[in-house]
Amino acid sequence: MTLDYKSWEKRRKRTSKIFYFQSIALGMEYALTFVTLYVYLKDVIKTKHVDEFYSVISAIFILSQITMSLIFGHLFDKYRNLHTMFFVGNVLIIIGNILYTIPYSAWNLFAGRLISGGGGSLRAIMTSELTRSYPEEELLPQFSAMGMSFAMGFIIGPVINFVFIKADFKFLGIQIGYANGSGLILTFVFIFVLFLATFGVSDLSKEYDMKETRMHGVNKGDTSLADERFEETRLDDAKEKEGMPLVENNQNGSEEMMEKFGVLKTLAILFGSVDVVLILFFSLFFMHCMVCYDIWQPMASIDFLKWGILEINIINLGYGVTAAGIFLIVLFNPMSEKVLVYAAMVCVLCLGCIQVMYAVLKICRPGSTVSILLWIGYTLWFAIVIIMEEVFFINTMSRLIPSSIQAFSESVRLSFSRAGAVIGLLTAAFSFHYIHYVCAGYLVITGIVMVLLIWRRKRFQHPQVIELIALENL
């Protein structure tokens, strides 16, 4: 058996398709985690501390994602064992959802979400592997496809809820209803994904790190090296030995780099870059706002407009479908880096529009026609804002970071994003009562984000990879 570029490319294509299934499953789990939890605690578990458990379980799910993403991201950068990471991540999610499905105690739900949160590390790992395995000009369509897959999970999630609205049956002696039916379905979904990953995922960057090869050629002033790597279909005789990786010593070099810098030095490198720090701040603020909007949406619908569950689910389904449509357009009509930055500015404007909308609903209490028009606008604005998180941040961050710390760096970005989500989960219910004041404050911060984005637009359009050697003596 010889390893040539064409056989590696086939494995890359197969692995990428499994990434899409994994993203759909992760989107489903994220969408279903918070929708049924309150009902589960209140009507099934019947705990006396519903609000406390709701906040703690929601927060522990995201905190688990943050912690395990940093750990697994660091290990993946060092060893590039994608197949093993997929196995461990999916097994954690399966075990977590089995525990979540058993309506024994609120602590079952806590343990289930704590364990399944560990599988959230797969998002950073998939992003880093795509960055290392595709030419730069093909990354944006790949990230768009991942974003669209995640959005599809958000669409499928509410559909599952509709199916289990009147569910009442036993499975292996466990009573299944509306609240825990989603956990049962997710268990089987992730078993299916685990099966696909076991037989279909390959350790792509362990064999051939395309980004490292490209940067090696550029750093030497010889771009032909990278071009030849992309075009060649067979290796020379010296590299056609059985079991020889496409790029020699790739894993050893990665291990040496991670041991050389370590976690603290890597963090120092990241925080030493103005552009990276801005991306981290933007990620935290945007995700915080998105979580608050998501929690405020049913509260505003019920409190301000006296709407019910049907209208709330229609709104959720609406922005999910709209987001998937936008990602589909970007997938088949990729934006240039220049256009992507301007699209990010549009996302910031949409963020401001949502803040104004909530303030208007609180202060003016408009009639039904105006309210419907505002919520139609909301589904579009919210869907556009998702592009910032799923495309702009991921794409820009991936181009700023050297290959040797790719997964860990994306884990750090996701940690900031999820930290914003945790803050939103813990504060949104309280801040809703002062929503017009909160939105005014957010609008000021949004204006600052726009100014910073305009200031650094050229740097974001043409990102410069961080030089690791500059901090070697830290």
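I started at glutamine 461, which lies in helix H19 (residues 457–461); helices here are DSSP runs of H or I with at least four residues, strands are E runs of at least two, and both are numbered from the N terminus. The model is predicted, so I kept in mind that local features need pLDDT of at least 70 and side-chain atom pairs count only at pLDDT 80 or more, while totals for chains, interfaces and linings use all residues. Residues are numbered from 1 along each chain as its sequence is written, and side-chain values use heavy atoms, with hydrogens and water left out.

Is glutamine 461 buried or exposed? I found it buried, with a relative accessible area of 7% (buried is under 20%, exposed over 50%, partly exposed in between, with a 1.4 Å probe and protein chains only). Leaving out residues up to four places away in sequence, I listed what glutamine 461 touches: Glu337, Lys338, Val341, Tyr342 and Arg399. Contact means heavy atoms within 4.5 Å.

Next I checked H4 against its partners. H4 (residues 82–101) and H6 (residues 122–133) pack at about 160°, axes 10 Å apart. Axes are lines fitted to C-alpha atoms, for helices over the stretch in contact, and angles run from 0 to 180 degrees between N-to-C directions. From H4, Leu82, Met85, Phe86, Gly89 and Asn90 meet Leu122, Ile125, Met126 and Glu129 of H6. I sorted the residues of that contact into six nonpolar, two polar and one charged; Ala, Val, Leu, Ile, Met, Phe, Trp, Tyr, Cys and Pro count as nonpolar, Asp, Glu, Lys and Arg as charged, and the others, Gly among them, as polar.

Then came H5 (residues 106–116), whose axis comes within 7 Å of the H4 axis and crosses it at roughly 165°. That makes H4 roughly antiparallel to H5 (angles over 145 degrees count as roughly antiparallel). On the H4 side, I noted residues including Leu92, Ile93 and Tyr100, and on the H5 side, Leu109, Arg113 and Ile115 among them.

Last, the core. What has the most contacts inside the largest nonpolar core? I got Trp296, Tyr358, Tyr378 and Phe392, in a core of 72 residues; such a core is a set of buried Ala, Val, Leu, Ile, Met, Phe, Trp, Tyr and Cys residues joined through side-chain atoms within 4.5 Å. H16 gives the most to this core, with 15 residues.

Note on methods:
Parallel < 35°, antiparallel > 145°, perpendicular 65-115°, else oblique.
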